[in-house]
Amino acid sequence: MKKRFSLFASLSLVVVTLLSLVATQAASNSVAQSTAAATMAALGPTPTALPLSGDPILIGVALAQTGSSSLLGQDQVVGAKIAEAYFNQRGGVNGRPIKLVYQDAGSTPDTATQAFNTLINGNVVAIVGPTLSTQAFAADPVASKAGVPVLAPSNTAGGIPQLGAYVTRISAGVASYAVNAITLALKQNPGIKNVAVEYAQDDIFSTSETKVFQAGVKADNLNLTTVQTHSTKDTDFTNQTSAILATNPDLIIISGLAVDGANLVKQLRDLGYKGVMIGGNGLNTANIYPVCQASCDGLLIAQAYYPLLVSPINGSFTQAYQLAQNKPHSPQLTAQTFTAIQVVVQALSALDKASALTGLDLPTLRTKLNDQIQSGSFDTPLGKISFTKTKDKDGNVAGAELNQTEFGVAQIKMNADGQTGTFQINEVAAGS
Ligand code: 1QQ
């Protein structure tokens, strides 16, 4: 596992901010000039002046805008909004505008399925969502049976592509990157021996992710001291935290969702735990700061997006994100949602060039769009991505798994106020 890290850039946000300042101020010495040139080159194409015309193409967005997982969904809606403006400024789909149709997927399987049904009947060409794997297991088969492409922007559990032939995963599965956080923890703290694991047993993603973490612990010959479970609805973790701390761990790995996961982090620190902590993808948002506050400090979280990737599309996406949010770089969930919309727009554009979309009825358009997405490759903020078609357990054609190579690991650095902080990014090169 240790070989997976080819480079620890350990670049802080301070450095990123300084680099962009250097670029925009056109500094006068030659080193600064070349840095500025490289940064500007990475910004990519500027918006075209193409006027948009024709009926907008409707793309459904079903994310957690209410309920406990709206902490995660909020980051995603930011990505969707940036994408809509970004691609319409660049000519939409060969001159035709896109319009995102939002339907709140809430935080449960039922609310996600309701949102999907509304969008399916609302003439969208595809649906981006839902937020949680637990929701995807209910909602994705409904869309797939109706022949509507689903772009899974944040569904990382095992088995997501197998939910139906119209499901395409934009979010790397936890199996492909979660253990990078263990690798970084060991690099920073070579003395780690005893590891305790905690996971939400009523969440499909968390039960999937903990298997990956527990296999990683074994692969690194670490001592798994205890495996504790909780519900995503729990708020008091006295039993779990006492049991964990009784085993005297050097590292605690938590797989849960944002609120329960961040509460666990806080309650462990409140009880005096001083060791290393890893949080899974359910804690992968700055929206956990109000929950774990100063105790968020130091938390390691693997990233399926490397914000410092130098490429034209990541440069122009980052610039759009900075303008919209006034923050140095996008969180993973925002970048993944932007990418999902990008994939739909670029697949539609390619399809339209081959045969005009206006000549296709909606079921045919949805089917051709699904094929175009799953057979395509796309240069995105997540890096160059493509898809591999899968089969379900009966050998039937199923959905498409993501191929992605750019990853990172973030470490949260909280400010002295205990309310604000940053995700500091370390680069990870997969498979090296
Ligand atoms: C999943 C996830 C979520 C916790 C991310 C928003 O990875 O449910 O699969």
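Guide: Let us begin with contact, which means heavy atoms within 4.5 Å. The model is a predicted one. With neighbours within four places in sequence left aside, Thr 334 is in contact with Asp 75, Val 78, Gly 79, Phe 317 and Tyr 321. Thr 334 belongs to helix α12.

Visitor: Why is Thr 334 called buried?

Guide: Buried requires under 20% relative accessible area. Thr 334 has 1% relative accessibility, so the term buried applies.

Visitor: What makes the approach of the Thr 334 side chain to Asp 75 a polar contact?

Guide: A polar contact needs a pair of N or O atoms within 3.5 Å. The Thr 334 side chain reaches the backbone oxygen of Asp 75 at 2.7 Å.

Visitor: What part does helix α12 have in the largest nonpolar core?

Guide: That core has 104 residues, and Ile 288 and Ile 341 have the most contacts inside it. Its largest share, 11 residues, is supplied by helix α12, which spans residues 332-354.

Visitor: How do you know that the buried residues of helix α4 are on the same side?

Guide: The buried residues of α4 are Ala 112, Thr 113, Ala 115, Phe 116, Leu 119 and Ile 120. They cover an arc of only 160° around the axis, which places them on the same side of α4. In general, an α-helix has 3.6 residues a turn, so residues three or four places apart point the same way.

Visitor: What does the face of α4 turned away from its buried side carry, and what covers the buried residues?

Guide: The face turned away from the buried side of α4 carries the exposed residues Asp 110 and Gln 114. The cover of the buried residues of α4 includes β1 (57-61), β2 (98-102), β3 (127-128), α5 (133-145), β4 (150-152) and α13 (362-375).

Visitor: How does the span of α4 compare with the expected value?

Guide: Helix α4 (residues 109-120) has 12 residues and reaches 16 Å from its first C-alpha to its last, close to the 16 Å expected at 1.5 Å a residue.

Visitor: What makes helix α6 largely enclosed?

Guide: Seven of the nine residues of α6 (residues 180-188) are buried, so the helix is largely enclosed by the rest of the structure. The buried residues are Asn 180, Ala 181, Ile 182, Thr 183, Leu 184, Ala 185 and Leu 186.

Visitor: Why is Leu 224 called partly exposed?

Guide: The term covers values between the limits of 20% for buried and 50% for exposed. Leu 224 has 27% relative accessibility and therefore counts as partly exposed. Leu 224 lies in strand β7 (residues 223-230). It touches Val 195, Val 197, Gln 214 and Val 217, not counting residues up to four places away in sequence.

Visitor: Why are Asn 248 and Asn 326 called exposed?

Guide: Exposed means over 50% relative accessible area. Asn 248 has 58% and so counts as exposed; Asn 326, with 73%, is exposed as well.

Visitor: Is the peptide bond from Gly 129 to Pro 130 cis or trans?

Guide: That bond is cis, with omega near -10°. Pro 130 is situated in the loop between β3 and α5.

Key. Residues are numbered from 1 along each chain as its sequence is written. This is a predicted model: local features need pLDDT of at least 70, side-chain atom pairs count only at pLDDT 80 or more; totals for chains, interfaces and linings use all residues. Side-chain values use heavy atoms; hydrogens and water are left out. A nonpolar core is a set of buried Ala, Val, Leu, Ile, Met, Phe, Trp, Tyr and Cys residues joined through side-chain atoms within 4.5 Å. Buried means under 20% relative accessible area, exposed over 50%, partly exposed in between (1.4 Å probe, protein chains only). Helices (H or I, at least four residues) and strands (E, at least two) are DSSP runs, numbered from the N terminus. The expected span of a helix is 1.5 Å times one less than its number of residues. The arc is that of the directions from the helix axis to the C-beta atoms. A polar contact is a pair of N or O atoms within 3.5 Å; within protein, one must be able to donate a hydrogen and the other to accept it, and residues adjacent in sequence count only if both atoms are side-chain atoms.
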